[in-house]
Amino acid sequence: MSNNLIDRLTADLATAEAAGTYKRLKIIESPIGHRIWLEGKGEVTLLSSNDYLGLANDPEVISTARDALLSYGASTASVRFICGTQAVHQTLEADLARFHGTEASLTYSSCWAANTGLFAAITGAGDVILSDELNHASLIDGIRMTGKNVVRAVYKHADMADLEAKLQEHQGAPSRMIVTDGVFSMEGDIAPLDQITALAKKYDALVVLDDSHGLGVMGKTGHGTAEHFGVMADIDIFTGTLGKALAAGTGGFVAGPKAVTETLIQKSRPHLFSNALPASVAAAGSKSIEILERHPERVTGLQEKAAKFRARLKELGLNPLEGDSAVVPVIVGETATAIRLAGEMLDQGIFVTGFGFPVVPEGEARLRFQISAAHTDAELEDAAEKLQACLSVQA
Ligand SMILES: Cc1ncc(COP(=O)(O)O)c(C=O)c1O
């Protein structure tokens, strides 16, 4: 079959292959954990996963999911408002609201769905959305989906002077909303929520926080980046995922005022037109929250490991980006370099992902290490030494 579009795609793929930027899916033959079994490679240390608390293969989470599977069946076979709401969904939403200290919460099939379903449903004519330039793609796309009469502006990354100037500019608008990631997933840095919430108060703005990489990672008890700054009560709307530290499988949520979650039930398109979470996942989500609340030492252990890994990379003369999170990126330059280095690390038993353009700016390709509470000190030391060896061969 010959078709212009298919021919063009085929040519583009060949170009990516020649440039060394072609992404290939790796097949994992074991559960996710700090060590995994990879097709064609054998056992490797996994430093690319969001399984920050090591719950992805936790026996309690699995048996809770299995029990719910047996009690409620495999699928909701429906969207929430038709016949897709089971008791486990209500329980999970109550747990998420309690955890965040909000009035209510609403789950989605992913945080992608939550973020793309939120903004268009709650904004109206003249409302202003101010978004950090490095926000996650799902926030960017969600904000793009708002009506033409909603004002969208992007402020420079974590730049409070720019944010304040934009808040001032829009003082007369019916409402203002500041939208930010908690932990920026490609940089590993965190939003200055102390300053953002102060500006929000000064200019009567709402704060929407996507803390997908902060929940379970940041703050003394893993309540996230807002807990880290002591401003949990100043965040109006939280969004997040059940597929990272809270290793329910998949799923996302919005937690906030009841007026928001009830509006989402009426108007949010991914809620109205997409299946509910399977009961097994909803139950696993509640169990993950319970484990996190029971084991704050997992969070502090993770924080210590991430800080130690960063410090060790520096000691070895490597240059991780500064940050307090469990995302530790090392800039290596061109996209092809990042992909080649990731391949070399994998050949030595370290699974770390190389990210390049367009995910990150041209020339700032990186290897992104993600630390888990489950990693041993020896595994992290091994990864640091192998990175140093790979980079020194390159130099
Ligand atoms: C900040 C942020 N928001 C949202 C998402 C999407 O989460 P999910 O996998 O639940 O769709 C991610 C996932 O990478 C993320 O990093």
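**Notes on the predicted model**

1. The ligand is surrounded by 14 residues, of which the closest are Ser110, Cys111, Trp112, His136 and Thr241. A residue counts as near a molecule or strand if its C-beta atom, placed from the backbone, lies within 6 Å of it. This is a predicted model, in which local features need pLDDT of at least 70 and side-chain atom pairs count only at pLDDT 80 or more, while totals for chains, interfaces and linings use all residues. Residues are numbered from 1 along each chain as its sequence is written.

2. Helix H5 (residues 111-122) gives the most to the shell around the ligand, namely 3 residues. Helices (H or I, at least four residues) and strands (E, at least two) are DSSP runs, numbered from the N terminus. By class, the shell holds 2 nonpolar, 10 polar and 2 charged residues. Here Ala, Val, Leu, Ile, Met, Phe, Trp, Tyr, Cys and Pro count as nonpolar, Asp, Glu, Lys and Arg as charged, and the others, Gly among them, as polar.

3. The protein is divided into domain 1 (26-52 + 296-394) and domain 2 (59-294), with bounds from an automatic or database domain assignment. The C-alpha centres of the two domains lie 27 Å apart. Domain 1 and domain 2 each bring 19 residues to the contact, where two residues are in contact if their C-beta atoms, placed from the backbone, lie within 7 Å. On the side of domain 1 that touches domain 2, helix H13 (296-315) and strand E10 (327-333) each supply at least two residues. The residues of that side comprise 12 nonpolar, 3 polar and 4 charged.

4. Helix H4 (residues 87-100) has 14 residues and should span 20 Å at 1.5 Å a residue; its end C-alpha atoms are 20 Å apart, which agrees. The expected span is 1.5 Å times one less than the number of residues. Among the buried residues of H4 are Val88, Leu92, Glu93, Asp95 and Phe99. A residue is buried if 20 or more other C-beta atoms lie within 10 Å of its own, exposed if 12 or fewer, and partly exposed in between, with C-beta atoms placed from the backbone. The buried residues of H4 pack against helix H2 (59-72), strands E3 (104-108), E8 (237-241) and E9 (252-256), and helix H12 (279-294). Just after H4, glycine 101 takes a positive phi of about 70 degrees.

5. Alanine 255 lies in strand E9 and is buried, with 28 other C-beta atoms within 10 Å. Not counting residues up to four places away in sequence, alanine 255 touches Leu96, Ala97, His100, Thr102, Ser105 and Phe238. The C-alpha atoms of alanine 255 and leucine 209, 46 residues apart along the chain, are separated by 9.8 Å.

6. In strand E4 (residues 128-132), 5 of the 5 residues are buried, so E4 is largely enclosed by the rest of the structure. Val128, Leu130 and Asp132 point one way from E4, and Ile129 and Ser131 the other way. E4 pairs with strand E5 (residues 151-155) in the parallel sense over 5 bridges, pairing being assigned if DSSP finds at least two bridges between two strands. Valine 151 in E5 is the bridge partner of valine 128.

7. An open sheet of 3 strands has the order E1-E2-E11, with mixed pairing. Strand E1 (35-38) and strand E11 (350-351) stand at the edges, each with a single partner strand, so one side of each is left without a neighbour in the sheet. Strand E2 (residues 42-46) and E11 run parallel, joined by 2 bridges; isoleucine 350 in E11 is the bridge partner of threonine 45.
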